[in-house]
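Good morning, colleagues. Please have the sequence and the structure open as I speak.

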Amino acid sequence: MSESAITGTRIRERRQALGLKQSALAASAGISPSYLNLIEHNRRRIGGKILLRLAEALDVEPQALSQGAEAALIAGLREAAGDGCGAPELARLEEFIGRFPGWATLMLAQFREGQERAQMVQTLTDRLAHDPHLAASIHEVISVVTAIRSTAAILVETEKLEPAWQARFHRNINEDSQRLAEGATSLVRYLDAAPGQEVSGVRSPQDEVDLFLEAHGFHFATIEAGGVGAIDDLLAASDVLSLPASALMVRGLLERYAADAARLPLGVLVEALAELGPDPAALAQRFGTDLPCILRRLGMLPPENVGPVGLVIVDGSGAILLARAIDGFSVSRMGGTCPLWPVFRVLAQPGVPLRMELVQASRDARPVTALAITEPLGPPDFNAPPLVRASMLLLPGAEGAEPAAVGTSCRICPIAVCAARREPSILSEAASAEA
Amino acid sequence: MGKLVLLIEDEPNIIEAISFILSRDGWEVKTHSNGHDAMDVVRARRPDLVILDVMLPGRSGFDLLGDIRGDAALEALPVLMLTARGQRKDREMAEAAGVNRYMTKPFSNADVLEAVRDLVRE
């Protein structure tokens, strides 16, 4: 549906650009105005003759009206061909889409569905394999079953069992059967309460954290006003945190947020921003605070205070703990991020701030200014493992700067020659350059 | 006097049941229920066979097995491992660490008895 959606919108845009009325265009294409209206609002799929007549009336190539749809299909099916088997005839892909647009759309939809399912299976497997509560409950049940089985066999198989032993084993079985009943009940309760019964709703704790932060626009007015005390209410009021792990992760994030807000209250920060602009170094000097705190504060302000802003926080292993995207620079956890990002570069030199102008290699990318720094975590101690966390603030790119090209994730990155590449891109440009 | 079996297991009613069936079969049974100081007991008692649970408080059965095989005096000591986890990975880990027999819970008394007889006869 989204493919044909593009066509309808394009027809409408083109008609309005020419200053044509709907009725006039409909007449010259030989269709009724109400039908054209449905087409323009993407309520009807079109192709063939009607598309040709509309294109002629609008004085454009028919491909210009439908190209968006085809481009999405071509890219998607190329990806499907790369993942699948059976050696599809890539050279005839466009012919296939042209002749069987319906089948092509269906194929792409099924491919996407397959990808989602694979992801879901992974999430479920992770949950089962790494769920400590489940492992402990099952271990408890098996231990008790073992004791019961062994004791019951003694009672049945031992000839002339002394009454004292018999009484003792009876008592053991009775005790164990009560424990078993409790263990089994708790296991059933846990499995019943586990989320994910509605198939599309399966989410990892990290997904829930993301949803929670996005729902609040990464800003928490009640914490700004009430400090740490406001956290419980925020967690209780949320309907996206269904897993205990995600509530715990959000609590950690919010506690740090509250600590940052206490050091740098919103009022004075906004005042200083108006005077100095979003310049973390100047702000850090003004307030005598450290840079990571400033980056986090700026990165979690509402746009009306600071303008468009993004924030990425990673731990020492490069795992993304928090991701707020800025327009034109996408951040995705799927498939791993681009190692060229400054947030990874600063991990090598804790405490040394880095400012870079960046642009992602993709069509709708816009240049950004990235400011990153790594800070140590935990209490200082000799020979302790170096636990660190890196923060990267993203602001709209500076005028006249020459941004360095970075990627989003290797799989969808078109940069042909890159020392940091860890897997081939599915985009044809990069693939053919490598071959 | 029968041969000595040392049972290292933390579930009291399993301890009682295994002790009972082995004693009736003529074995002398000593028990110990945590991993912390289990090695001291192994060295002091000098058993003919150790029955070792995997999930123990303190040190795991795998750790203890490593300690036993790492001690020149205990190299040949037969070890029967009991575990609630029957996954291939765990079995392979136990075999790599030098276990003589590996049994998953819940087991039958007859199987335990047979395993103990086999291991000591060898």
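I begin with chain B, where five strands form an open sheet in the order β2-β1-β3-β4-β5, with parallel pairing. Strands here are DSSP runs of E with at least two residues, helices are runs of H or I with at least four residues, and both are numbered from the N terminus. Two strands pair if DSSP finds at least two bridges between them. At the edges of the sheet stand β2 and β5 of chain B, each of which pairs on one side only. From one strand to the next, the twist averages 20°.

A word on conventions. This is a predicted model, in which local features need pLDDT of at least 70 and side-chain atom pairs count only at pLDDT 80 or more, while totals for chains, interfaces and linings use all residues. Residues are numbered from 1 along each chain as its sequence is written, and chains are lettered from A and ligands numbered from 1 in the order in which they are written.

Let me stay with the sheet of chain B. Strand β1 (residues 4–8) of chain B pairs with strand β2 (residues 28–32) of chain B in the parallel sense, over five bridges. Within that pairing, B:Leu4 has B:Glu28 in β2(B) as its bridge partner. Together, β1(B), α1(B) and β2(B) make a right-handed β-α-β unit; right-handed means that, with the strands pointing away from the viewer, the path from the first strand over the helix to the second runs clockwise.

β1(B) also pairs in the parallel sense with strand β3 (residues 49–53) of chain B, over four bridges. There, B:Leu6 stands opposite B:Val50 in β3(B).

Which strands does α1(B) lie across? The helix lies across β1, β2 and β3 of chain B and runs at about 165° to β2(B). Angles run from 0 to 180 degrees between N-to-C directions, and axes are lines fitted to C-alpha atoms, for helices over the stretch in contact. α5(B) packs on the sheet as well, touching β1, β3, β4 (79–83) and β5 of chain B, and its direction makes about 175° with that of β5(B).

One local feature of chain B deserves mention. The peptide bond from B:Lys105 to B:Pro106 is cis, with omega near -5°. B:Pro106 lies in the loop between β5 (101–104) and α5 (109–121) of chain B.

Next, the interface. The contact between the chains takes 16 residues from chain B and 14 residues from chain A, where two residues are in contact if their C-beta atoms, placed from the backbone, lie within 7 Å. On the side of chain B that touches chain A, helix α1 (residues 12–24) of chain B gives the most, with eight residues. By class, that side has nine nonpolar, three polar and four charged residues. The classes are Ala, Val, Leu, Ile, Met, Phe, Trp, Tyr, Cys and Pro as nonpolar, Asp, Glu, Lys and Arg as charged, and the others, Gly among them, as polar.

I turn to chain A. An open sheet of six strands has the order β2-β1-β5-β4-β3-β6, with mixed pairing. β2 (320–324) and β6 (404–406) of chain A stand at the edges with a single partner strand each, so one side of each is left without a neighbour in the sheet. Neighbouring strands are turned by 30° against each other on average, direction ignored.

Strand β4 (residues 368–376) and strand β5 (residues 388–396) of chain A run antiparallel and are joined by nine bridges. A:Thr374 stands opposite A:Ala390 in β5(A). In the loop between β4 and β5 of chain A is A:Asn383, a residue other than glycine whose phi is positive, near 55°.

Helix α16 (residues 291–299) of chain A lies across β1 (310–315), β2, β4 and β5 of chain A, at about 45° to β5(A). Helix α15 (residues 280–287) of chain A packs against α16(A) at an angle of about 115°, with the axes 9 Å apart. A:Pro280, A:Leu283 and A:Ala284 in α15(A) meet A:Leu291, A:Ile294, A:Leu295 and A:Leu298 in α16(A). The residues of this contact divide into seven nonpolar, no polar and no charged.
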